[in-house]
Amino acid sequence: MNKILIINGPNLNLLGTREPDLYGTNTLDDIMARCQKTFSNLQIDHLQSNHEGVLIDKIHEARGTYAGIIINAGAFSHTSIAIFDALNAYEGYVIEVHLSNIYSRESFRHHSYITTRANGAIVGLGASGYIFAAQKMSEWLG
Ligand code: DQA
């Protein structure tokens, strides 16, 4: 199974226009299209939602369906034990991505619940972080 799911959380629908100095000028659609084009060996689906429960429902749906999840849960990374629990109930690979370097920002961003569950994390490399994460999934899933 080489299906992977990319999940983006709150405010990431505004990428391209939201604080571009921090998050870059690529839109989420641009980034997702780049991932799909670069890794034609993977079937890549994606979901963005501003709602915690929608993200959790999608992680539940991923059980037994997707071999890996790449997740940028936005601010929920720092607050959501519920997303952490959902990922713990998921059996596949998990890679966490943050466009910005959360460790060089406000202290409330230094902790992510998701890092505890993730197989790996990529922070501070902008949109390329998604490409690097998909590259690693591609290696793992052969
Ligand atoms: C972010 C970092 C989070 O702290 C922030 O709340 C976001 C974006 C990132 O990709 O750098 O919404 O996840």
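1. Tyr113 touches Ser77, His78, Thr79, Ser80, Ile81 and Phe84, leaving aside residues up to four places away in sequence; contact here means heavy atoms within 4.5 Å. Tyr113 is found in helix H5 (residues 113-117), where helices (H or I, at least four residues) and strands (E, at least two) are DSSP runs numbered from the N terminus. Tyr113 has a relative accessible area of 25% and is partly exposed (buried is under 20%, exposed over 50%, partly exposed in between, with a 1.4 Å probe and protein chains only).

2. On the basis of these values: this is a predicted model, in which local features need pLDDT of at least 70 and side-chain atom pairs count only at pLDDT 80 or more, while totals for chains, interfaces and linings use all residues. Residues are numbered from 1 along each chain as its sequence is written, and side-chain values use heavy atoms, without hydrogens and water.

3. There are 2 aromatic pairs, taking rings of Phe, Tyr and Trp (its six-membered ring) whose centres lie within 6.5 Å; planes under 30 degrees apart are stacked, over 60 edge-to-face, and the rest tilted. Phe84 and Tyr113 form a tilted pair, at 6.4 Å centre to centre and 40 degrees between the planes. Since Phe84 lies in helix H4 and Tyr113 in helix H5, the pair ties together parts that are 29 residues apart in sequence. Phe84 counts as buried, at 18% relative accessibility.

4. Tyr93 and Trp140 form a stacked pair, with 4.5 Å centre to centre and 15 degrees between the planes. Tyr93 is in strand E4 (residues 93-98) and Trp140 in helix H6 (residues 128-141), 47 residues apart, so that this pair links distant parts of the chain. Tyr93 is partly exposed at 30%, and Trp140 is partly exposed at 33%.

5. In H4, the buried residues are Ile83, Phe84, Ala86 and Leu87. They cover an arc of only 160 degrees around the axis, which puts them on the same side of H4; the arc is that of the directions from the helix axis to the C-beta atoms. Their cover includes H3, E3, E4 and H5.

6. In helix H3 (residues 52-62), Leu55, Ile56, Lys58, Ile59 and Ala62 are buried. Seen down the axis, they fall within an arc of 160 degrees and so line one face of H3. Strand E1 (3-8), strand E2 (43-48), strand E3 (68-72) and helix H4 (81-88) are among the elements that cover them. Gly64, with a positive phi near 75 degrees, follows H3.

7. Asn11 has a positive phi of about 75 degrees, and Glu19 has one of about 35 degrees. Asn11 is in the loop between E1 and helix H1 (20-23), and Glu19 lies in the loop between E1 and H1. Asn11 is partly exposed at 36%, as is Glu19 at 47%.

8. The largest pocket has a volume of about 160 Å³. Its lining comprises 15 residues, of which Arg18, Tyr23, Gly74, Ala75 and Arg109 lie nearest its centre. By class, the lining has 6 nonpolar, 6 polar and 3 charged residues. A pocket is an open set of points on a 1 Å grid over the protein atoms alone, where a 1.4 Å probe fits, with protein on both sides within 12 Å along at least five of seven lines; lining residues have an atom within 4 Å of a point. The volume is the space filled by probe spheres set on the points, joined across faces, edges and corners. Ala, Val, Leu, Ile, Met, Phe, Trp, Tyr, Cys and Pro count as nonpolar, Asp, Glu, Lys and Arg as charged, and the others, Gly among them, as polar.
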